[in-house]
Every structure is written in C-alpha cells, then in structure tokens.
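Work through these exercises with the structure open beside you. Try each task before reading its solution.

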Amino acid sequence: MPVRRVWAHEEYEFTPWLAENLHLLGETLDLNLELVGREQPVGPYSLDILAKETKTGVFVAIENQLEWADTHHLGQLLTYTAGRDTRIGIWVATEFGHEHAQALHWLNQWTAPQVGFYAVKVEAVRPSVDSEPEARFHKVVWPSGWDKKATPEPGTLPGVEYETFFRPLVTELMRTGFSDRQPFRRFGASDRSFHSRMNPGIQYSASLEGVHDAWVTLRIQTENTTLTQQIFDALNTEREHIEKAYDADPEPEWYWNGKNRYGWCSISIRTQGSVHDPQARLEETRQWMLNHLPKFKDFFDPRVNKILQQLDG
C-alpha cells in the first residue's frame, strides 16, 4: 500500500516515527542504532536524524524521502554525512533508480573502509485484513554489496504519470508568456518550478505532493539565507491582508513556511488533487494550477520587488 497513506507528511510524521523505531531499520542493516537527535543543524540546513551505532560508537546520518530517490537528496545525504562528521550515511526512500543505487555503490567502493553508505527501501504493508499497516525495510545498497534486482534497468526514470500531467500545463504557461525559461524539477517528478524574471531566488511552482494534495507555491531561496528570511518575514507581517487581498473563489487553504530546514521559505495554497485521480479530475486540478500560477506571480512579484528595494535602501 502507498506509504503516504500511513505517513502523509515526511517531516512531521515519518521522521518522528522512524526516530522512535530505529531498531526496525537497524535490524534490516545489522546495526544497533540509537537516536542522538532529529533536525540536526548542518550550516543553514538540517539532517533528518542523527544516530549512533552503539557497537562501534560511530555516528550515523539518516536522510528520509517518502518518494523515488532523486539527485537532490543524494546531495543532501553527502552534505549531512560530511557536515556532521559521521561514518555511516543511510538514505531511506520508497524506490531507488539504478543510477542512484550505482552512485552509492561507487562511493562504497572508493571511500575509506571505515565509511559506509546504505540505500534502504521503505514500504507499508498490512500483514492481515484486520491488522494495522506496518513498515518494512529492504536493503538495496550496503558497504559490501548491491541488490540490483531491487532497482529498475539503467535509464528507467520514474514519473511517467507526472510527466503526462505536467506537459500540457507547461506548454500552456510557455505559450501565454508566464516564463521565458523552461521549468526545473526541484523535488523529482512531482513538481515543476519557474524562476521569476525579477530575481532567480524567487520561484513559482505547481506540485502534486502527499496523499491528495495539489499546490501552487511561492518559494523564496536567494543566495543569502538572511535575505531569504527577511523577504519572508516582510511578507508575513502582512499575512492577514495578503490572504484577504488575494482574489480567488473559492478561498484557498494557505500555508506559510518560514523555517524550512532546506534553507528556503514558502507561501502556498492547496486544493485536493492526486496524480492518480481520474482524467476529468486531473484536468480540473491542472486548470486550478493554470489559474493560480499567473495570479500568484502577478500578486507577489510587485510585493517582493518592493521589499528588495527597501532592503537595498
């Protein structure tokens, strides 16, 4: 069954659960894992879980991802492993493509013997009709091996359903002049993000995340983390006015995130939507995004530009 039906949110549900159940992960990897702390700082970022392997006394970095493994999280795992001076890096995801499993396998072959990386697949299963869902872990890559049967063939990329959903949306946005650059994928297949012409640190994105969540988001991530927070804080002081002034029917659900562990802030609106919805419902969700992305950009760009000018002055 989909893991998001058990843990709808990675940071707020799955990471706390895993922190309390490290013995289950440890049994799969033959490691004795003891929690040191969650959301451990690494510069402006945060490591999901810092643990200790009690048999050897070495520290362990654990990075979680409740979706297909992607290059973004591979970079995070390496950053956190080095930044916290750990000797073991564990990457937990729902699926690993051949390329990312190969990358960890290569690292295990070339790094010092006392350093090791693991790729671990997590799934949710219901042992019987009457039982509660439970987690199962499967070792994909470990310091001395790689289960190639657990990864797709080379070049097999996830996200065909997402590509089918987003292609018409991107085509229409480009046709109407929403952006002069093609979008980029920030978190794998499930989102499409556009840089603002005003400032590359200001981005507008559409995404399908969680069990049944469709989002339109203003993401703020300048090269200066202090500036990023200042822009968000300035907008946040007008939060009530902004939500009232934004013209939308029906009124959207708003989410303001000013303390993101990845070094960015965001303002989002949400509606129900899933990539697995029937075609008619998918079209409604796509139209909702097409309505709100340009509106979000026209609404926030002048406000952000004014804040930048005030900060420069």
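**Exercise 1.** How do the residues of the lining of the largest cavity divide into nonpolar, polar and charged?

*Solution.* Start with the source. This is a predicted model, in which local features need pLDDT of at least 70, side-chain atom pairs count only at pLDDT 80 or more, and totals for chains, interfaces and linings use all residues. Residues are numbered from 1 along each chain as its sequence is written, and side-chain values use heavy atoms, without hydrogens and water.

Next, find the cavity. On a 1 Å grid over the protein atoms alone, a cavity is a set of points where a 1.4 Å probe fits but cannot get out. A search of the whole structure finds 1 cavity of 30 Å³ or more.

Now list the lining (residues with an atom within 4 Å of a point). F178, S179, D180, F194, H195, S196, R197, Y204 and K297 line the largest cavity.

Finally, sort them. The lining divides into 3 nonpolar, 3 polar and 3 charged residues.

**Exercise 2.** In what order do the 5 strands of the open sheet stand, and which stand at the edges?

*Solution.* Strands are DSSP runs (E, at least two residues), and helices are runs of H or I with at least four, numbered from the N terminus. Two strands pair if DSSP finds at least two bridges between them. The order is β8-β9-β10-β12-β11, with antiparallel pairing. β8 (191-195) and β11 (253-257) each have a single partner strand, so one side of each is left without a neighbour in the sheet. The twist averages 15° from one strand to the next.

Zoom in on one pair. Strands β9 (residues 202-209) and β10 (residues 213-220) are joined by 8 bridges. Y204 has L218 as its bridge partner in β10.

**Exercise 3.** Which strands does helix α6 touch?

*Solution.* Contact means heavy atoms within 4.5 Å. Helix α6 (residues 225-236) touches β9, β10, β11 and β12 (265-272). Its direction makes about 55° with that of β12; axes are lines fitted to C-alpha atoms, for helices over the stretch in contact, and angles run from 0 to 180 degrees between N-to-C directions.

**Exercise 4.** Which are the edge strands of the sheet of 7 strands?

*Solution.* The order is β1-β2-β3-β4-β5-β6-β7, and the pairing is mixed. β1 (33-42) and β7 (145-146) pair on one side only.

Note on methods
On a 1 Å grid over the protein atoms alone, a cavity is a set of points where a 1.4 Å probe fits but cannot get out, and a pocket is an open set with protein on both sides within 12 Å along at least five of seven lines; lining residues have an atom within 4 Å of a point. Grid points are joined across faces, edges and corners, and a volume is the space filled by probe spheres set on the points. Ala, Val, Leu, Ile, Met, Phe, Trp, Tyr, Cys and Pro count as nonpolar, Asp, Glu, Lys and Arg as charged, and the others, Gly among them, as polar.
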